[in-house]
Amino acid sequence: MKGVILDCLKNMVTEKFGADKWQTIATKSGAKQADRILASVDFDDKLAVSLIDSTCQTLNLTFEQVAYLFGEQWMNFYVSKIYAGYVSNVKSSKELFLKLDSIHSMVTKNMENSRPPKFTYEWINEKTLVMNYISKRNLIDLFVGLAKSVGKYYKETILVKKLSSTKVQINFY
Ligand code: HEM
């Protein structure tokens with residue numbers, strides 16, 4: 001997983017819970033203290049998952065709650081700053097969801113060793129979208145938490161419901 005994801009997790013924990021908590025989490029996960037998180041460097045997926053799991057344990061939060069907090073940090077400080085160009089014409093959560101597949105393939109096109117998640121779409125009716133999440137990492141709960149934070153970012157009420165380990169239903173109002 002790209003360092004930018006770990007960097008975002010680290011900043012979320014540090015800003016919301018304190019640097020000492022991050023130190024505990026990093027130590028628990030076996031991340032070496034000397035490890036510097038560079039955005040474009042690829043880290044072992046196992047380390048990424050272990051850092052998220054240790055964050056849940058240390059902060060006594062569920063995986064989805066951590067994913068939601070991660071999503072807030074991701075939308076506010078990474079997407080709207082580093083990746084602003086990809087979302088400049090996106091005005092709603094629905095528009096962002098519909099662009100997610102192309103955004104992930106564009107952003108990672110020139111990143112060595114990237115394996116971005118893929119998304120396909122099925123409209124059930126005009127207000128109900130089912131997204132298929134395709135990734136060998138099987139991080140559907142990360143997707144669910146992140147998707148909920150997208151609704152918050154655009155100040156919209158959306159309902160995000162996991163249907164299976166590959167399908168999420170999103171209701172727009
Ligand atoms: C402009 C917005 C976004 C950008 C630029 C972006 C970019 C990225 C990048 C670079 C990765 C790492 C890929 C790798 O290491 O191979 C990633 C992973 C991921 N992204 Fe995004 N992302 C964006 C928004 C979102 C949103 C809104 C969601 C969900 C609603 C999402 C879901 C995920 C998930 C679940 C992963 C983990 C990797 C996996 O499951 O295989 N992303 N994203």
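Ala48 touches Met1, Ile5, Leu6 and Phe43, leaving aside residues up to four places away in sequence. You can find Ala48 in helix α3, which covers residues 45-59. Keep in mind as you look around that this is a predicted model. The protein chain has seven helices and four strands, and it is divided into domain 1 (3-61) and domain 2 (89-172).

**A closer look at Ala48**

- Is Ala48 buried or exposed? Ala48 counts as buried because it has 20 C-beta neighbours inside 10 Å, and 20 or more is the cut-off for that label.
- Ala48 and Phe17 are 31 residues apart in sequence, and their C-alpha atoms are 19 Å apart in space.

**The overall fold**

- The protein chain has a radius of gyration of 16 Å, which agrees with the value near 16 Å for a compact globule of 173 residues.
- Along the principal axes, the C-alpha atoms fill a box of roughly 50 × 35 × 30 Å.
- Of the 173 residues, 28% count as buried.
- Take the contacts between residues at least 6 apart in sequence: 61% of them join residues at least 24 apart.
- The centres of domain 1 and domain 2, taken over C-alpha atoms, are separated by 23 Å.

**The nonpolar core**

- In soluble globular proteins, nonpolar side chains tend to be buried together.
- Here the largest nonpolar core has 37 residues, and those touching the most other members are Leu9, Phe70, Phe143, Leu146, Ala147 and Val168.
- This core draws at least three residues from each of domain 1 and domain 2.
- Which residues does Leu146 touch, not counting those up to four places away in sequence? They are Ala67, Phe70, Gly71 and Trp74.

**Around the ligand**

- Leu146 turns up again here: of the 26 residues around the ligand, Lys2, Ser114, Ser135, Arg137 and Leu146 come nearest.
- At least two residues of this shell come from each of α1 (3-17), α5 (84-87), α6 (93-108) and α7.
- Which helix gives the largest share of the shell? That is α6, with six residues.
- Sorted by class, the shell has 19 nonpolar, four polar and three charged residues.

- Leu139 is buried, because 21 other C-beta atoms lie within 10 Å.
- Leu139 and Ser165 are 26 residues apart in sequence, yet 8.3 Å separate their C-alpha atoms in space.
- Asn138 is exposed, because 12 other C-beta atoms lie within 10 Å, and the exposed label covers counts of 12 or fewer.

- Asn138 has a positive phi of about 55 degrees, although it is not a glycine.
- Lys155 is not a glycine either, and it has a positive phi of about 55 degrees.
- Where is Lys155 placed? Look in the loop between α7 and β3 (158-162).
- Lys155 is exposed, because 8 other C-beta atoms lie within 10 Å.

Technical notes
Residues are numbered from 1 along each chain as its sequence is written. This is a predicted model: local features need pLDDT of at least 70, side-chain atom pairs count only at pLDDT 80 or more; totals for chains, interfaces and linings use all residues. The radius of gyration is taken over C-alpha atoms; the globule rule is 2.2 Å times the number of residues to the power 0.38. Two residues are in contact if their C-beta atoms, placed from the backbone, lie within 7 Å. A nonpolar core is a set of buried Ala, Val, Leu, Ile, Met, Phe, Trp, Tyr and Cys residues joined through C-beta atoms within 7 Å. Domain bounds come from an automatic or database domain assignment. A residue is near a molecule or strand if its C-beta atom, placed from the backbone, lies within 6 Å of it. Ala, Val, Leu, Ile, Met, Phe, Trp, Tyr, Cys and Pro count as nonpolar, Asp, Glu, Lys and Arg as charged, and the others, Gly among them, as polar.
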